[in-house]
Every structure is written in structure tokens, then in C-alpha cells.
Amino acid sequence: MTWDRNQMAERAAKELKDGMYVNLGIGIPTLVSNYIPDGVDVTLQSENGMLGMGPFPTDETIDADLINAGKQTITELDRTAYFDSADSFAMIRGGKINMAILGAMEVSETGDLANWMIPNKLIKGMGGAMDLVAGVGRVVVIMDHVNKKGEAKLLKSCTLPLTGKNVVDRIITNYGVFDVVKDGLKVIELADNVSRDDLAAITQANLV
Amino acid sequence: MKKIYSNADDALAETLFDGMTIAVGGFGLCGIPENLITAISRTGVKNLIVASNNAGVDDFGLGELLATKQIAKMISSYVGENAEFMRQYLSGELEIEFNPQGTLAERMRAGGAGIAGFYTKTGVGTVIAEGKEHKDFNGQTHILETGLVADLALVKAWKADGFGNLIYRKTARNFNPLVATCGKICIAEVEEIVADGALIPDAIHTPSIYVHRLIKGKHEKRIEQRTVIN
């Protein structure tokens with residue numbers, strides 16, 4: 001049984017350590033905040049200019065001036081601080097943010113990340129992702145192991161334009177957990193009843 | 001010196017010309033100078049180069065200036081919410097210069113602070129680095145990015161006094177303070193103009209020196225992704 005989106009987010013939440021300042025990307029990474037383990041206190045950064053991001057509001061407390069980097073309405077906490085975009089990226093680029101958890105289109109066996117465009121097809125932009133992967137302490141990626149056509153997304157080298165080179169530390173897919181090491185991707189954990197043979201068939205990157 | 005103008009059209013008078021560069025504050029639709037953008041759509045000024053983190057949505061924010069085809073080029077980090085943008089870009093009508101979000105913010109900050117350029121690790125090994133000077137510091141490769149100076153800066157703040165001191169609210173601050181500094185002329189639109197002396201000097205985000213013209217606007221403050229707890 002492979003993991004679903006929520007199980008991937010729950011597994012990623014185990015990467016969080018007490019006292020960390022963490023940036024969560026758009027999509028499945030946002031779900032990680034639902035699974036922060038008991039006794040672990042983390043402060044979430046939103047790169048549009050907020051530390052201490054709270055949960056979604058109610059209809060009564062919704063505020064157009066208070067959104068996260070995914071443009072979703074959110075709330076503030078006792079610890080919240082607001083700042084401008086240059087300060088926000090000073091703390092990212094300056095290495096103050098301990099971890100970023102991001103989505104990906106492709107990751108290579110050397111830790112290259114591609115997640116911002118498909119030439120001539122999908123032009124979204126990198127947002128803050130290039131700054132995050134260049135600046136934060138540790139980069140964890142959550143992604144489906146294969147694309148909608150069943151093709152590998154963990155590759156020897158990325159085919160799409162890169163977000164960063166040699167930047168990914170750990171990858172969590174619906175099939176397991178992998179670390180970027182010297183000779184390829186090291187299998188750290190497998191989802192229940194997933195075998196190494198299953199992985200080999202759907203992974204182009206070298207597995208060690 | 002009089003800084004308060006009666007409306008957005010008056011505030012924009014004699015600041016616009018074809019081919020100019022305009023820096024615009026906001027993140028998504030949050031904290032955008034919506035009155036000034038709409039007023040520009042009425043002027044017919046064209047071939048604009050617009051530096052803004054995002055490009056609005058189809059019928060609101062900078063999407064209004066895309067609909068009228070007044071924008072020739074965007075300098076942005078993320079444009080994924082705008083179908084008309086995508087159409088104009090893929091058909092070659094519109095140019096885009098992608099800047100990583102932190103690089104865009106720092107380019108505006110540097111431009112406003114008289115700093116010609118800075119080195120950053122952001123974008124090394126990607127298409128963003130192509131054609132840019134590379135230099136190693138402490139064993140790590142950086143690229144040279146330049147400060148950005150705009151002909152005109154448009155910002156949205158929460159409160160102003162008559163001198164042009166500005167205070168922003170929550171995450172509507174975002175790029176606005178940086179945009180304010182990087183324009184040769186800066187026009188601010190605010191929700192409220194308070195009595196002189198009513199702002200707490202320690203709490204002012206943008207000091208008046210950066211702000212040349214000021215209007216009180218009417219703000220729809222459209223929400224892009226309305227998410228609530230059930």
C-alpha cells in the first residue's frame with residue numbers, strides 16, 4: 001500500500017524538530033502543519049512576510065490582509081511577526097530558516113530540483129523556491145513517485161528547468177523516504193508492502 | 001509640500017509615458033494599489049514594463065492592464081493565477097523576466113538604497129544565472145544581480161498622515177515598502193489618511209521621504225483563495 005497525500009504529509013511532519021523555524025511550500029507541504037507531533041513546537045514562516053502562521057480562519061475572522069504564500073486566508077498566533085518581502089528573504093537567504101518542505105516535478109539523484117516550469121506548456125514561475133533551496137538549512141521534498149503517465153520523477157538528471165542544483169536533502173514519495181547521498185538515492189523507509197523491486201521499476205535514479 | 005491628491009487620476013497626472021518602468025506593490029491580490037492600477041487602465045499609456053511579484057487575476061489587479069494590452073513586459077516571480085497572462089505570453093505578445101522572489105525584493109531594496117548590485121546564491125545552476133557574472137565567496141558560487149530603479153512606484157498602505165508617512169497592515173505589507181523606495185516617483189494609496197501627529201513615529205514602516213503623492217482609495221480587497229475552517 002502506497003501512502004496517500006495525508007500519509008505523506010504525516011511522514012514529513014516527523015522531520016520537524018522542536019524549536020525549528022520552517023517554511024512549507026504550496027500543495028501537499030501545506031498539509032504537514034496538520035500533523036506536527038505533540039511536544040514539538042515549530043514556527044511556520046510564510047515568505048510573503050509572516051513568522052508564526054496560524055490555522056485557517058472562520059467566516060467571522062477572515063481578513064483579506066492576512067494570507068499565506070499560497071494566497072490562502074489564514075490567522076495569526078501569539079508569536080506572530082509581520083515584515084516586508086526583503087526581510088522575509090533575508091531570513092531565508094541568511095540561513096535562519098531551519099527547513100523548507102517543498103513540492104517537486106522532478107528530482108535528480110544528485111539532489112537537483114525542478115518545480116517551477118514546463119517549457120511552452122506551464123509557465124508559473126519559481127516564486128520563492130529558488131531562494132529557499134539556496135538558503136535554508138535543510139530541504140525536504142514531498143512528491144508523487146511517478147507522474148500521471150506512470151513515468152519516473154526521480155531521475156538520473158532532471159529534464160525540466162532547475163530550481164536549484166544539488167539542493168535536496170530528503171525526498172518523501174508515496175512509496176517511501178529517500179536521502180540524497182554520494183552515489184544516488186539511499187532508501188531510508190518503504191511504505192507498507194512496497195518492495196525494492198517495486199521501486200526499481202518506477203525509479204530512474206540510482207537507488208543505494 | 002502638498003502630497004494629498006483628490007483621486008487616482010489626479011495623482012497620476014504627468015507621471016506616465018509609453019515604455020516606462022513601473023514597480024507595483026502587493027502579493028497576489030493582497031496589498032495591491034487597486035485604485036491606481038484601474039486609473040492607469042483609463043490613460044492608454046502603453047508598452048509598460050511592470051515589476052511586480054505577481055500579475056493579478058484576469059479581471060482584477062494588474063490583470064486589468066493585461067486585458068488592455070498596456071503591458072509589454074513583466075518582471076515577476078510567479079504568474080500562475082492569470083490565464084490571459086499565459087495566453088499573451090505563449091503567443092509572444094508579452095515578455096516575462098522571471099526573478100526569484102527574494103531576488104526581486106532585494107533588487108528593489110538595493111535600487112532604492114543606491115546599491116547598484118549584489119551577489120546571491122539564489123539561482124546558481126539555473127537559467128536565472130545565464131549571462132550573469134559568477135563569483136565565489138567562501139567557496140560558494142554566487143551570481144551578480146542588479147538593483148532595480150523604476151520610473152514610478154505604486155504602493156498600497158493602510159494608513160498615512162499628510163506628510164506621507166505610511167503604515168501597512170499584516171501581510172498586506174509584503175513588497176510595498178521596497179517598491180516605495182525604488183521609484184523615482186512614488187504614489188501611495190491608503191485606506192485612511194489620519195491627522196498629522198496621529199501615527200506613532202516608532203511604528204512608521206515607510207518614512208515620508210519616499211512618498212511623493214498620496215490618495216485615499218476605495219478598496220475591494222478581493223480574496224484570491226478563501227479558505228476557512230468548516
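Student: Which residues lie nearest the centre of the second largest pocket?

Tutor: This is a predicted model, and the pocket in question has a volume of about 280 Å³. Its lining is made of 19 residues. Those that lie nearest its centre are A:Val133, A:Ala134, A:Lys165, A:Val167 and B:Lys121.

Student: Which element gives the most to the lining of the second largest pocket?

Tutor: Two elements each supply at least two residues of that lining: helix H4 (129-135) of chain A and strand S7 (140-146) of chain B. The helix provides four residues. The element that gives the most is H4(A).

Student: How many charged residues does the lining of the second largest pocket have?

Tutor: Sorted by class, the lining has seven nonpolar and nine polar residues. The charged residues in the lining number three.

Student: How much area do chain B and chain A bury between them?

Tutor: The interface involves 48 residues of chain B, in contact with 45 residues of chain A. Of the area buried between the two chains, 62% is on carbon and sulfur atoms. The total comes to about 4000 Å².

Student: Which element supplies the largest share of the side of chain B that touches chain A?

Tutor: Between the two chains, 23 residue pairs are in polar contact. On the side of chain B that touches chain A, two or more residues each come from helix H4 (83-90), helix H5 (101-112) and helix H6 (176-182) of chain B. The largest share is six residues, and the element supplying it is H5(B).

Student: How many nonpolar residues are on the side of chain B that touches chain A?

Tutor: By class, this side of chain B includes 17 polar and 11 charged residues. Its nonpolar residues number 20.

Student: How many salt bridges does the rule find across the interface of chain B and chain A?

Tutor: Over all chains, the structure holds 27 salt bridges. One of the pairs between the two chains is A:Asp59 with B:Arg226, whose closest N and O atoms are 3.6 Å apart. Across the interface of chain B and chain A, the number found is five.

Student: Why does the salt bridge of A:Asp65 and B:Lys221 join two chains?

Tutor: The side chains of A:Asp65 and B:Lys221 meet with an N to O distance of 2.8 Å. A:Asp65 lies in the loop between strand S3 (50-53) and strand S4 (76-82) of chain A, and B:Lys221 lies in the segment after strand S11 (213-216) of chain B, so the pair joins chain A and chain B.

Note on methods: Residues are numbered from 1 along each chain as its sequence is written. Chains are lettered from A and ligands numbered from 1 in the order in which they are written. This is a predicted model: local features need pLDDT of at least 70, side-chain atom pairs count only at pLDDT 80 or more; totals for chains, interfaces and linings use all residues. Side-chain values use heavy atoms; hydrogens and water are left out. Contact means heavy atoms within 4.5 Å. Buried area is the accessible area (1.4 Å probe) that two parts lose on being put together, summed over both. A salt bridge is a side-chain nitrogen of Lys or Arg within 4 Å of a carboxyl oxygen of Asp or Glu. A polar contact is a pair of N or O atoms within 3.5 Å; within protein, one must be able to donate a hydrogen and the other to accept it, and residues adjacent in sequence count only if both atoms are side-chain atoms. Ala, Val, Leu, Ile, Met, Phe, Trp, Tyr, Cys and Pro count as nonpolar, Asp, Glu, Lys and Arg as charged, and the others, Gly among them, as polar. On a 1 Å grid over the protein atoms alone, a cavity is a set of points where a 1.4 Å probe fits but cannot get out, and a pocket is an open set with protein on both sides within 12 Å along at least five of seven lines; lining residues have an atom within 4 Å of a point. Grid points are joined across faces, edges and corners, and a volume is the space filled by probe spheres set on the points.
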